[in-house]
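I opened a new notebook page for this structure. These entries follow the order in which I looked things up.

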Amino acid sequence: MSTVRDLLRFSPSFRVGALILLATLVLVVLSFFSPYRPDRNRVVPTNKPPQAKYIMGTNANGQDVFWMLTFAVRDTLIVAGLAVLIGRSIGVTLGMVSGYLGGTWDRVASSIVDSFIVIPRLPLLILIAAILHGEMTLPLLGALIGLLDWAYPSKRYRAQILSLRERDFTHTAVFAGMNTLKVVIEEHLPFVIPFLLADVVSGFLFAIGFEVTLSVLGLSDLQTQSIGTMLYWGNYYNSLLANRLWVLAAPIVASILIVVGFYLVSIGLSSYLDPRTRLARMQVKTEVSEPDEPLTPELQGINA
Amino acid sequence: MTGIVEAQDLKAYYISRAYGVERTVKAVDGITMSVNEGEIYGIAGESGCGKSTLLKVLLGAQTPPLTVVDGSVKYHFGDEEIDVLALKENGQREIRWKKVSYIPQGSMHVLNPVRRIRDSFHDFITAHRAVSKKESYVMARDYLRDLGLPEKVLAAFPHQLSGGMRQRVTIALATILWPKLIFADEPTTALDVVVQRGVIQLLKEIQQTKGSTVVLITHDLGVHANLADRIAVLYAGKVVEEADTRTILKNPRHPYTQYLIKSLPKLDTRDERVSIPGRPPALDKPPSGCRFHPRCPLAYDKCRTEDPQVVTIEPGHRVACHLVTEEISHAAVASAQH
Amino acid sequence: MPPSPAPSTSSMLLQAQDLTKVFETRQGFSTSKFHAVDAASFSLDSSKPEIFTVAGESGSGKTTLARMILGMESPTEGVLRYKDRSIAQLSGKEKRSWFYREVQPVFQDPFAAFSPLKRIDHYLYETVYNYKITDKKGADAYVNQMLNEVGLTLAEISKRYPHELSGGQAQRVAIARALITHPSLIIADEPVSMLDASLRMSIVNMFRKLKDDQQVSILYITHDLATAYYAADRIAVMLRGWIVEMGPVEQVLGNPLHPYTQNLKQSIPQADPDKTWDNRVDLAELDTDTYAHVGCKFANRCPLVMDKCRTTVPPNFEREGRTVKCFLYE
């Protein structure tokens, strides 16, 4: 929690990103109060441009674009969230197994990870989606994306843990009588968590991108609303040719904003992760409480 | 008489703004010094005393956040006077390495890791003189031979040499153009003692045969004892004492220097060695008055409020300490009364 | 209850016999072997605490030796026993319940030895609780008592992060933490090399005091012969994994017998204008082929080298109360 507080305080890009994501969250919450069901057609007049009553206009099927969008954002985030959950669970587990157990475990886990890295993910996903055609559901799509996006993160977690394991403070902790679980939770997790946060954010970006790509290609569950399917159906009814730009603009702007939001958050996180800025922040904090605190040599810039 | 390097009331601060907090670190705060031609001038002090900052400014190599707030640095080559702080980048390049050279702590900044040593020599020489590859090679080979270094290192890559040999090659590279003035920043610090001895000897021989002037920075008083002619002791951004090497080591007057010498372990006695209580001050908020007073067992009221001036107590011996100054003036008064 | 160690049959605290650690590095298809520690033998007596110095330059194997004694590395060959139990064969449980109480480390860089994200007293309390030294109520008083041993108080360091302390203070906290379990042996790997001269002696003086007050033996690993001479009772000088000379520090450093020890001692720059070097050293030697692969490892640099030094590994000889690995003393 203090991490988030620090980020809001020290990183302008994180602040803006978080604001965008908050707005996205509001849309998701609004979807539960929608006056229309997402699967019903012709509940409002068709093809109305944006106006006071339908702030984002209506589409060719007589659906209100604004309320559609709330469902679409929600479902896209659910797909992405599922993908991230599955992908990171596999990644973290394998990275931890490699990093902490080492030896044969490491060799086996590393070779699995390495073989997965060379698999081209988008073509494979398109292939699977094409085979499942018609039977694809959004949760299934999320699971598939997640199952394909864990190899790189796992390699990064492994590297992180290998380096943490050899740090002197890990040895100090061991000689202070902490068992392995305690060392992992108390000593290593504070280093891994901000890293995990950044990784989750980039996972969302990846998953949203894949969902939109597959849906636009018509390979996802087209009966459920998502940002990708909104684009697909907008295209299907020739919104562009018929000059009904609002039908396409809503999902496009929404997806851009969400991606930018996640991106800004990840920029904020990665500058937060830089150990040097971390130390500088801690110093500013201590300065506020204790003005007489001395500088560490690193920050004095002397002998640098 | 003017020295080859003159610093006049030099003040160099690190001024930075981090997360809305402005911070001024007074790393060099009012230093006046003069280096005589042909001597090895040692600058001693512990980490964070400002000695590396001082060197940067003496070289005119300060970059933000390090800013020279006040004072001047001048080089004198014969009748030519160079105002170092006024030099622009181009003028600096010309004099630096031709008349002035710099030996850094780590040699990896000077030697290109993917080129053979002889190519590093060639690059370096051609940056200042128009010579062919063959000529530069002959120059380098002859120079290494003069210094008693094996010439086959010229064919090697930097990583193939040991740390000590790399540092010796760096020194050879930095001095091949016969600079009048050499700045050396902790040139032996990362080396093992046996290797360190070779590097010290090399530096001394170059200085003696060429009559160069060397400004040597190291925290190791043992290295100073074997190299330096004169030593300036820095504490918290100020010169606290300056004298010839023997006086500093045998008859120091400033309490800090006295403590520093007394704390060094020796190889001929196992008697109890003292350590200085406390710790060096943070240079963004230095203590009032004399900067050593919080750690000084002899401090009295005046030390807490008034910054002691550097006073020449005898020819060539300068000390910044109220106690010493007062003792001298008492002695002067006493002798006048007689 | 920690399982009690096997009944002690001797008074050895630490015993190393022909201790060897070989690192293999693969380069392409060939593997090259590097003997970090090569048939080193020494022992520490448990009846009388002492400061035993292992001195050597970089690459001499002193840090590998320390890592083996701490159980962080297992020997390739030879015997390494703590209180008659082989350190490499201790299980993780035995280490935690017994060995780590007995043997504690102090690392080189006090700022690396504590997590920058944790308050420094966290490690002190963890040590107290994990080894059940006192109950929760007594912990503050006990931690304070240990900090007093190293010249600090709990008030000075409590709730502080490592970067808020000076290097000397942080290293004192590291030593106070090591003292909490009342160990019989502290392994200190270059504990003062990162500290300034004015703070260095306070740590070294503390080791001398702790040896007497706390009855703890200290294995002091350093490249600095001057502090070794000041602090140690006995010294072992290492060269490329060998212990070339070992004995009481006054004798070994006062009047070194092995040509390498002599060379090392002469090379220390002394802060005394009356003791500067007068003779030259030869700068020509190419460091890459400095160390011989057969015979004595010092043969290529030794001024007194004999023919057999180049072919045969010298055994250990006993001379003047010390062990010397040199044919001169045959």
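Predicted model: local features only at pLDDT ≥ 70, side-chain atom pairs only at ≥ 80, totals over all residues.

**Entry: a loop in chain C**

I looked up Glu320(C) and found it in the loop between β11 and β12 of chain C. Its phi is near 45°, which is a positive value in a residue other than glycine. Is Glu320(C) buried or exposed? I read 12 C-beta neighbours inside 10 Å, so Glu320(C) counts as exposed. The cut-off for exposed is 12 or fewer.

**Entry: the sheet around that loop**

Next I asked where β11 and β12 sit in chain C. They belong to an open sheet of eight strands. I wrote down the order as β6-β7-β8-β3-β9-β10-β12-β11 (chain C), with mixed pairing. Which strands form the edges? They are β6 (103–106) and β11 (317–319) of chain C, and each pairs on one side only. On average, neighbouring strands of this sheet are turned by 20° against each other, direction ignored.

I then followed β12 to its partner. Strand β12 (residues 322–324) of chain C pairs with strand β10 (residues 242–248) of chain C in the antiparallel sense, over two bridges. I found Val324(C) in β12(C) standing opposite Glu245(C).

I placed Trp178(B) in the loop between α5 and β7 (181–185) of chain B. I counted 14 other C-beta atoms within 10 Å, so Trp178(B) is partly exposed.

**Entry: where chains B and C touch**

I turned to the contact of chain B with chain C. It takes 47 residues from chain B and 37 residues from chain C. Which helices of chain B supply at least two residues each? I listed α5 (163–175), α6 (193–210), α7 (221–227), α8 (245–250) and α9 (255–263) of chain B. α6(B) gives the most to this side, with eight residues. By class, the chain B side divides into 21 nonpolar, 14 polar and 12 charged residues.

I read 23 C-beta neighbours inside 10 Å, so Ala271(C) counts as buried. The cut-off for buried is 20 or more. Leaving aside its neighbours within four places in sequence, I found Ala271(C) in contact with Leu221(B), Gly222(B), Ala225(B), Leu249(B), Ile261(B) and Leu264(B).

I also checked α9(B). Its buried residues include Pro255(B), Tyr256(B), Tyr259(B) and Leu260(B). Thr257(B) and Ser263(B) are buried in α9(B) too. What do the buried residues of α9(B) pack against? I noted β9 (230–235), β10 (238–244) and α8 of chain B, together with α7 (197–214) of chain C.

**Entry: a helix pair in chain B**

I took α3 (residues 117–126) and α4 (residues 133–147) of chain B next. Their axes come within 9 Å and cross at roughly 110°. That makes α3(B) roughly perpendicular to α4(B). From α3(B), I listed Arg118(B), Phe121(B), His122(B), Ile125(B) and Thr126(B). They meet Lys133(B), Ser136(B), Tyr137(B), Met139(B) and Ala140(B) in α4(B). I sorted this contact into five nonpolar, three polar and two charged residues.

**Entry: chain A**

I ended with chain A. How many helices and strands does chain A have? I found 13 helices and zero strands. Of its 304 residues, 39% count as buried. Among contacts in chain A between residues at least 6 apart in sequence, 68% join residues at least 24 apart.

I examined one helix pair here. α2 (residues 12–31) and α3 (residues 65–101) of chain A pack at an angle of about 110°, with their axes 8 Å apart. α2(A) and α3(A) are therefore roughly perpendicular to each other. I recorded the crossing of α2(A) past α3(A) as left-handed. Thr24(A), Leu27(A), Val28(A), Leu30(A) and Ser31(A) are the residues of α2(A) that meet α3(A). On the α3(A) side I found Leu69(A), Thr70(A), Phe71(A), Val73(A), Arg74(A) and Leu77(A). The residues of this contact divide into seven nonpolar, three polar and one charged.

Note on methods
Residues numbered from 1 in each chain as written. Chains lettered and ligands numbered in written order. Pairing = 2+ DSSP bridges. Helix = DSSP H or I, 4+ residues; strand = E, 2+ residues; numbered from the N terminus. Axes fitted to C-alpha atoms, helices over the stretch in contact; angles between N-to-C directions. Contact = placed C-beta atoms within 7 Å. Nonpolar A, V, L, I, M, F, W, Y, C, P; charged D, E, K, R; others polar. Parallel < 35°, antiparallel > 145°, perpendicular 65-115°, else oblique. Left-handed = near helix turned anticlockwise from the far one by under 90°.
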